[in-house]
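Subject: Structure handover and notes

Dear colleague,

Please find the structure below, followed by my notes on what was found in it. I would be grateful if you could read the two side by side.

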Amino acid sequence: MMVKSAAEKHSHFDTIQGRRRALNIINWILLAAGSLLVLSPLWWMVITSVKTMQEVMTYPPTFWPESWNWSNYAKTWEAAPFDLYTINTLTITILVVIGNVFVNSFIAYGFAKVPFKGRNALFAIVLSTMMIPGFVTLIPQYVLFAKLQWLNTYYPLVVPAFFGSAFNIFLLRQFYMTIPDELIEAAKMEGASHFWIWWKIGLPLTKPALATVAIFSFNGAWNDFLGPLLYVNDESLYTLQLGLQVFKGQMSTQWNYLMAGSLLVLLPVIVLFFFFQKYFIQGINLQSGGK
C-alpha cells in the first residue's frame, strides 16, 4: 500500500509539473506572438527606409527589401539641417529632464517627509490637476506666454518643467513614503536640514524613480511636436519633429527617406530605454524604495 501511495503521489506530481510546463509553453507562444505584433511597425519602418522609392510603391508590398540601401540615411541627413535640429532638440530635452527630475523630486520630498499644515489638502489639489486635459489649458498658456513675449523662444517649452508635474510628484512622493522616517529623524538629530537630507539621502535612495521620471521626460520632450509647432516660428529653432514635417514637404513625401529620418529620430529613445529599463521597472515598483 505504501508503494502504491508513493507512486500515486509521484504521478500527481508529474501531472502538476506537466501542466505547468504546458502553461509556460503557451505563455511563451503568446508573448512571442505579442512581441512580433508590437515590433512589426518598427520592422516596416526599417525595411521601408532601405528600399528604393520604386520598390516602396510596388504592390503587393514586400516584407524583405531587394537591396539594403543604407545610403538613404546619409541622403536623408544631408537633405535637411538635421544636425541643427538635433542640437535644438537635445537642448530642450536636457533642460526639461533636469527640471522634471530635481524640481519634482524636491516637491515630492516635501509632501512625503516635511510635516506642515494642510499638506494632504494641498497634495489633493495637485493631484486634481491631472484631471484637467492639456488642451483645456492650451489657449490660456499661449496667451500668457505671448504677453511675456516668449513666443519664438524655448522658454514655453522649458520653463514649465521647473514648476512641477502632478504625475511626477505623485510617483516620487509614493517612492519617498517607503523611506523609513527613522532615517530622516536620525539625520535631523545630527543637525541636517531638509535640503541636505533630500540631496544626500533622498536622491541616492530614489534613483530608480528618478530614472523613471527622466525616461518619461526625455521621451515626452524628444517627441514633442505640438509645443514647438505652437511657439517656434524661426526655422533655425526647429526641433527634429518639426524638421521631419519640413523634410516631408520638401521631399514630396519620399517615404523611404521619411522613414529613414523617422528611424533616426526614434533611435535615441529606443537606446535610452534599452540601457535603463532595469531602473525603469524598479521605479514603477513603489515597494522598492529605501531598500
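Helices here are DSSP runs of H or I with at least four residues, strands are runs of E with at least two, and both are numbered from the N terminus. This is a predicted model, in which local features need pLDDT of at least 70 and side-chain atom pairs count only at pLDDT 80 or more, while totals for chains, interfaces and linings use all residues. Residues are numbered from 1 along each chain as its sequence is written, and side-chain values use heavy atoms, with hydrogens and water left out.

Thr153 sits in the loop between helix 6 and helix 7. Although 79 residues separate Thr153 from Val232 in sequence, their C-alpha atoms are 6.3 Å apart in space. Setting aside neighbours within four places in sequence, Thr153 is in contact (heavy atoms within 4.5 Å) with Tyr231 and Val232.

Turning to helix packing, helix 4 and helix 10 pack at an angle of about 110°, with their axes 11 Å apart; axes are lines fitted to C-alpha atoms, for helices over the stretch in contact, and angles run from 0 to 180 degrees between N-to-C directions. Helix 4 and helix 10 are therefore roughly perpendicular (65 to 115 degrees) to each other. Phe102, Ser105, Phe106, Tyr109 and Lys113 of helix 4 meet a group in helix 10 that includes His194, Trp198 and Leu203. This contact of helix 4 with helix 10 comprises eight nonpolar, two polar and one charged residues, where Ala, Val, Leu, Ile, Met, Phe, Trp, Tyr, Cys and Pro count as nonpolar, Asp, Glu, Lys and Arg as charged, and the others, Gly among them, as polar.

Helix 10 (residues 194–205) also packs with helix 11 (residues 207–222), at an angle of about 75° and with the axes 5 Å apart. In this contact, Leu203, Pro204 and Leu205 of helix 10 meet Lys207, Pro208 and Leu210 of helix 11, giving five nonpolar, no polar and one charged residues.

The largest pocket holds about 1400 Å³ of space. A pocket is an open set of points on a 1 Å grid over the protein atoms alone, where a 1.4 Å probe fits, with protein on both sides within 12 Å along at least five of seven lines, and lining residues have an atom within 4 Å of a point; the volume is the space filled by probe spheres set on the points, which are joined across faces, edges and corners. Of its 41 lining residues, Gln141, Pro160, Ala161, Gly164 and Ser165 lie nearest the centre.

With best wishes

Key
Parallel < 35°, antiparallel > 145°, perpendicular 65-115°, else oblique.
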